[in-house]
Structures are given as C-alpha cells and as structure tokens.
Amino acid sequence: MSHRLPVRLARVAALSALLGSAGAVTLTVRDTPLLPGAAPLADARWDNAEGINLCLGERLLHLGSAGDLGGVWLGGSCRAVQVSPDGTRAAALLADRVAVVNIQNRVVSAGLPLPGATGAGFDADGALLVGSGAGLERVNPDDLRRQVLDAAPVASLTVATDGARAVVVRGTRAQLIDTRTLRVLSGTACDDTCQPGRAVFSADGRSVTIPLGRTLVALREGLPATTVLRTGDPESAGPFTGLPLRNNTVLLLRTGETQVRDVQTGHRERRADLGGLSAAPGSLSPREQVLSVSGSALNVGTPDQPTARTALRLPGTVRAGAVLADGSAVTLAGDGTLRAAGRAAPALDVQGVGRFTFTLTRGGLTELRGASQAALAAQRGAAALSVNHWGNHVATWNAQGLSVTAQKTGKVIFNAPVAGLSRVTVSPDATRAYLFPTRGEARVMLLANRKTFALPVTPGVAYRDVQISGKGVFAYQRTDGRTDLYAPGQRQPLATLGGGATRFSPDSALLAAATPTPSGWVVALHDPATGRELTRGAPLDAAPTFLAWSADSRTLLVGAGPLSGLGSATVFTVTP
C-alpha cells in the first residue's frame with residue numbers, strides 16, 4: 001500500500017496539470033425569466049386563511065393571503081393538494097405516496113408510501129384521511145399510524161376545506177360523508193362503475209359537485225343528489241368544472257365560457273364568453289371567491305366576475321435553450337415555440353455551444369447569427385440535434401439515419417442509415433460519433449470509415465449520453481441519471497456525480513451538473529479534473545431540462561425555475 005499511494009498521487013497531480021485546476025467560483029442568480037406557455041398546473045385549492053395552494057410540477061407552491069410566496073419540492077409530480085383546517089399542513093398526492101408538508105417551514109415533514117392513492121385530506125381534528133385501493137383510512141400525520149375505516153376500494157376522495165365533510169366514490173356509489181362519524185349525508189348511484197372527476201366543495205363545505213363520467217352531480221347535506229349537467233347536454237362533451245354556490249346555483253367553468261345553472265334542475269340561467277378561460281382547475285374560498293385559470297394567469301374573482309384580477313402569472317415549461325453570442329437567451333417552450341430576440345416561431349430543438357447556436361425546424365437545420373439566420377444542410381426530416389464541444393459540428397438524426405454537418409462550410413460531412421438513435425454526441429475533433437440507441441448497446445463510430453466499437457468505459461455499465469470537454473474529459477450519463485467522469489485514456493471513472501443534465505463550460509474549466517438534494521434540484525459546478533464540487537446554486541423547481549453556457553463561460557442558462565418563485569428558467573452568473 002505504501003508503494004501504490006505515491007504512484008496514485010503522482011497520477012492525480014499529472015492529471016491536474018494536464019487539465020488545469022478550477023479555482024474558487026460562485027454561482028449566483030441573475031435573472032429568472034417567466035416565459036409564456038402551458039404551465040404544469042395539476043391542482044389549485046384555497047385554504048381557510050384564504051391562501052392559495054398549487055400543485056405546480058414537482059413542487060407545492062403556497063401563496064399566502066398577504067402575497068407571500070413559498071415553494072416546497074416534493075420529489076415527484078404533484079397530482080392534487082388539500083390543506084388542514086388550521087392551515088399549517090398540506091397533503092400532496094404523488095404517484096407513489098402522499099407527502100405531508102409543513103407549510104410554514106416549507107419542508108416535507110412526512111411521506112406515506114401508498115402507490116395508487118386516490119385522494120388525501122385532513123379532517124376537522126387534523127387527522128389525515130386517505131383513499132386508495134386498500135380502502136378509506138385515517139392516518140396520524142405525526143407518526144403515520146394507520147387505521148382502516150372502510151376496506152372497500154376508494155376511487156376518489158376529496159375533503160372540504162374545514163375538514164368536516166368529504167366526498168367518497170366507491171364502486172357504483174358517490175357519497176357525501178361526515179368525516180367524524182362516517183355518516184352518509186347525501187349520495188347517488190351510478191348505472192355502472194362511477195368514473196369520478198375533480199370534486200369541488202362549496203364555500204361552507206355543505207355541498208359538493210363532482211363529475212361522474214359526463215354527468216355533473218351535486219351532493220348536498222341532508223338532501224337528495226341532483227343532476228346539474230346530463231350526459232345528453234352539449235356542454236358535457238368537453239371538460240368542465242362545477243362550483244356550487246350558496247344561492248343554490250352552480251357556476252360551470254368551461255373552455256372559453258362560464259355558465260350558471262340551477263342546482264336542482266340543471267336549468268341554464270345565463271352564459272358568458274371568457275376568452276382563454278380553462279375548464280380546470282377551479283375552486284371556491286371560504287368567502288366564495290373564485291379561483292380560475294385563463295391562459296397563463298391564475299385569477300381571483302367573484303361568481304359574476306371569475307377573472308376579476310390576476311393573482312399570479314404561471315410559468316410555462318422550457319425544454320431547450322441556448323445563450324447567443326451577444327449574451328441574450330433563446331428558449332424553446334414545451335409547446336414548441338422558439339423565442340429569440342423578441343420573435344417567436346415553431347421549432348423542434350435548439351442547442352448552442354460557444355459562439356454558435358443552431359435550431360432545428362421541420363424545414364431543416366439553421367444557424368442563428370445575431371439577427372440573421374443561415375440554413376445548413378442536415379439529415380432530411382431530422383427530429384433531433386446535438387452540437388459538439390466547439391460548436392463547429394452538428395449531428396442531426398431521425399428514425400432512419402444520421403448526418404453530421406460542418407458549421408464552417410454548412411455541408412454534410414457524414415451520412416449513414418443508422419436507425420433507432422436516442423442520443424448522439426460528436427467528438428470535439430469530429431472524428432467519432434458516440435451513438436446511444438433507444439434499445440441495445442451504445443457504440444462509437446469512426447466517421448472516416450463507419451467502423452464501430454464499444455464505448456471505452458467500465459465493462460457492464462450502461463450509459464445513455466455523453467458530454468466531451470475540449471480537454472478530453474468524458475462525462476457519461478448512466479441510465480439511472482448519475483454521471484461518471486472519465487479522464488483521457490482511462491477506463492475507470494475518476495468520480496461519479498448524482499442527478500441529471502451535465503454540460504462542460506466552453507473553456508473546459510468547469511462542469512455544470514444538475515443533482516437532486518433534500519430541498520430540491522440544484523446545479524453544481526465541478527472541477528472536471530477531480531469531480532470535486534466547487535459551488536452550487538439555489539434550489540430549483542424541478543430537474544433542469546437543459547444546461548447552456550455563454551461563450552465566455554460566465555453565464556449559465558438552466559431549464560428550470562427557482563423553487564420559491566415563478567420563473568420558467570434561471571440565469572446564473574459564474575464568477576471565478
């Protein structure tokens with residue numbers, strides 16, 4: 001051991017000398033642009049303190065009545081949310097569990113593993129009611145002790161804001177129940193298995209509307225169920241949300257319009273056009289304020305004016321982006337809208353490295369050169385692109401084949417019928433293409449003769465992508481999301497990083513890598529020579545969809561917004 005240690009230290013020293021060492025750096029937020037587009041909003045609910053709670057992607061966002069905004073990362077997509085009567089806790093429904101969130105401290109205080117959960121909310125005493133295929137259960141939110149109340153599988157569960165009542169759908173029955181005694185207060189039966197939609201309680205919690213298939217039913221304490229919207233009504237063909245009002249009517253939210261219907265007869269009393277209005281989500285506060293969504297705006301209003309004021313501008317998602325040579329950002333929204341220099345156009349992808357930025361549209365490959373554009377030859381009908389480290393070669397591919405284009409000449413230097421590709425990376429010297437198929441083993445192809453060989457990595461490890469720095473360091477991304485760093489010529493990783501997207505800075509001195517932490521996703525900067533973390537940024541609202549550097553390696557554009565904010569992307573300043 002004493003003989004091997006000096007040799008190992010000598011190798012590390014030689015590697016550091018070869019690659020250069022990164023000094024102390026800082027990563028600070030410079031801007032959080034909010035871009036238009038469809039927001040990942042799954043649910044929006046009031047609490048008793050007139051606060052608004054949003055399931056927004058992987059986070060729970062709380063907007064207090066005083067305008068204070070706070071976010072909690074949940075570690076998975078939030079499907080629905082309910083808040084305790086005292087406003088201190090929230091129950092967030094995820095695909096595999098129910099997360100109990102401390103709203104004041106902005107932390108997930110507990111997690112109840114429950115795949116297939118169909119609803120969760122707090123009763124009047126602060127206990128957690130949970131519905132799933134295992135039945136209706138009462139759970140202590142402090143120690144997660146569980147008590148089965150009814151073993152019949154629950155298809156849907158929604159608890160009123162005050163916790164006194166809940167609507168439960170089981171098999172062919174939909175019932176309004178007292179959460180303390182489980183006594184049925186009102187109910188209805190479906191001809192076949194009920195197909196529940198999003199239930200909404202009235203301001204006083206004594207009535208609830210719930211879609212059952214294409215029918216909207218109202219359940220009111222001590223009264224028989226009524227049908228507000230019938231299957232044969234034209235309005236039932238599209239999405240809708242019913243808000244039960246105190247005056248025995250139901251405010252119906254549909255795409256682009258509202259209707260007011262009598263709760264007993266379903267008779268339509270009036271209708272109003274509201275351009276951009278979404279059918280869901282919508283809810284009522286204890287003071288009967290209406291929460292609705294129009295375009296990218298979250299609105300608060302009255303039953304007569306549902307969009308009276310904008311409470312929040314919701315962030316659209318961004319799936320690709322780049323930093324142009326002049327330092328401005330170009331982004332590709334989730335809906336396929338490319339935005340650059342104040343202009344918007346449809347696109348399939350965008351990527352930039354250093355001074356070069358390329359976009360891919362149905363018309364082909366284009367290089368963005370300031371205010372102008374230059375068309376380049378590429379794979380016909382290409383659906384994806386990848387730019388090498390220097391930005392001077394672009395790979396484009398589709399289900400049938402692969403092309404490599406030289407930026408300097410604009411001509412295709414390589415073309416081959418390679419099918420089934422998921423990712424492609426061209427080496428900095430443009431002599432090799434690293435091919436990662438949708439199925440099967442990744443290969444390296446020599447562009448000069450099309451010969452292929454296995455990845456020069458540790459045997460038995462599966463990778464799905466690679467980034468290669470200008471100094472020959474490889475950042476291979478595993479199928480589980482982690483990244484292995486390989487020094488030039490080495491077949492054993494020098495370090496393993498956790499998480500998601502990675503990108504070397506243009507000067508190859510830094511590696512930006514996304515990684516999950518208990519408080520949310522962050523972007524960390526690493527020394528490529530050792531893998532050592534040098535600094536990290538503020539928590540983000542989700543896993544970044546991309547990382548993009550400016551040509552001077554001083555700006556980092558990240559495809560995720562701030563955790564406690566409303567940005568679509570985050571721009572960091574990198575200071576050496």
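Biologist: To begin with Leu216: does this residue count as buried or exposed?
Modeller: Leu216 counts as buried, because its relative accessibility is 1%. Please note that this is a predicted model.

Biologist: Where is the place of Leu216?
Modeller: Leu216 belongs to strand E20, which covers residues 215-220.

Biologist: How many residues apart in sequence are Leu216 and Arg230, and how many Å apart in space?
Modeller: In sequence, 14 residues separate Leu216 and Arg230. In space, their C-alpha atoms are 6.7 Å apart.

Biologist: Turning to cavities, how many of 30 Å³ or more are there?
Modeller: The count is 3 cavities of 30 Å³ or more. The largest cavity has a volume of about 150 Å³. Its lining is made up of 14 residues, and those closest to the centre are Arg45, Trp46, Gln82, Val159 and Thr161.

Biologist: Which strands each supply at least two residues of that lining, in the largest cavity?
Modeller: At least two lining residues come from each of E2, strand E6 (80-83), strand E14 (156-159), strand E18 (200-201) and E26.

Biologist: How do the residues of the lining of the largest cavity divide into nonpolar, polar and charged?
Modeller: The lining of the largest cavity has 8 nonpolar residues, 5 polar residues and 1 charged residue.

Biologist: And what volume has the second largest cavity?
Modeller: The second largest cavity has a volume of about 110 Å³. Residues that line the second largest cavity include Gln351, Val353, His389, Arg503 and Phe504. Strand E34 (349-353), strand E38 (384-387), strand E42 (421-426), strand E46 (463-468) and strand E50 (502-504) each contribute at least two residues to this lining. The lining of the second largest cavity divides into 5 nonpolar, 6 polar and 1 charged.

Biologist: Are Tyr463 and Tyr486 buried or exposed?
Modeller: Tyr463 and Tyr486 are both buried. Another aromatic pair, Phe474 with Tyr476, is stacked, with 5.7 Å centre to centre and 5° between the planes.

Biologist: Which residues form one aromatic cluster?
Modeller: The cluster consists of Tyr434, Tyr463, Phe474, Tyr476 and Tyr486.

Biologist: On to sheets. What order has the open sheet of 4 strands?
Modeller: The strands of this open sheet follow the order E1-E56-E55-E54, and their pairing is antiparallel. Strand E1 (26-31) and strand E54 (547-549) stand at the edges with a single partner strand each, so one side of each has no neighbour in the sheet. From one strand to the next, the twist averages 30°.

Biologist: How many bridges join strand E55 to strand E56?
Modeller: Strand E55 (residues 555-558) and strand E56 (residues 570-575) are joined by 4 bridges and run antiparallel. Thr555 has Thr573 in E56 as its bridge partner.

Biologist: Now the backbone. Which peptide bond is cis?
Modeller: The bond from Ala280 to Pro281 is cis, with omega near -5°. Most peptide bonds are trans. Pro281 sits in the loop between strand E25 (268-273) and strand E26 (283-284).

Biologist: What about Glu50: what is its phi?
Modeller: Phi of Glu50 is near 65°, which is positive in a residue other than glycine. Most residues other than glycine have a negative phi. Glu50 is in the loop between strand E2 (41-46) and strand E3 (52-56), and it counts as buried, at 14% relative accessibility.

Biologist: And what is the phi of Arg106?
Modeller: Arg106, also not a glycine, has a positive phi of about 60°. Arg106 is found in the loop between strand E8 (97-102) and strand E9 (107-113). With a relative accessibility of 37%, Arg106 counts as partly exposed.

Methods: Residues are numbered from 1 along each chain as its sequence is written. This is a predicted model: local features need pLDDT of at least 70, side-chain atom pairs count only at pLDDT 80 or more; totals for chains, interfaces and linings use all residues. Side-chain values use heavy atoms; hydrogens and water are left out. Buried means under 20% relative accessible area, exposed over 50%, partly exposed in between (1.4 Å probe, protein chains only). On a 1 Å grid over the protein atoms alone, a cavity is a set of points where a 1.4 Å probe fits but cannot get out, and a pocket is an open set with protein on both sides within 12 Å along at least five of seven lines; lining residues have an atom within 4 Å of a point. Grid points are joined across faces, edges and corners, and a volume is the space filled by probe spheres set on the points. Ala, Val, Leu, Ile, Met, Phe, Trp, Tyr, Cys and Pro count as nonpolar, Asp, Glu, Lys and Arg as charged, and the others, Gly among them, as polar. Two strands pair if DSSP finds at least two bridges between them. Axes are lines fitted to C-alpha atoms, for helices over the stretch in contact, and angles run from 0 to 180 degrees between N-to-C directions. Rings of Phe, Tyr and Trp (its six-membered ring) pair if their centres lie within 6.5 Å; planes under 30 degrees apart count as stacked, over 60 as edge-to-face and the rest as tilted.
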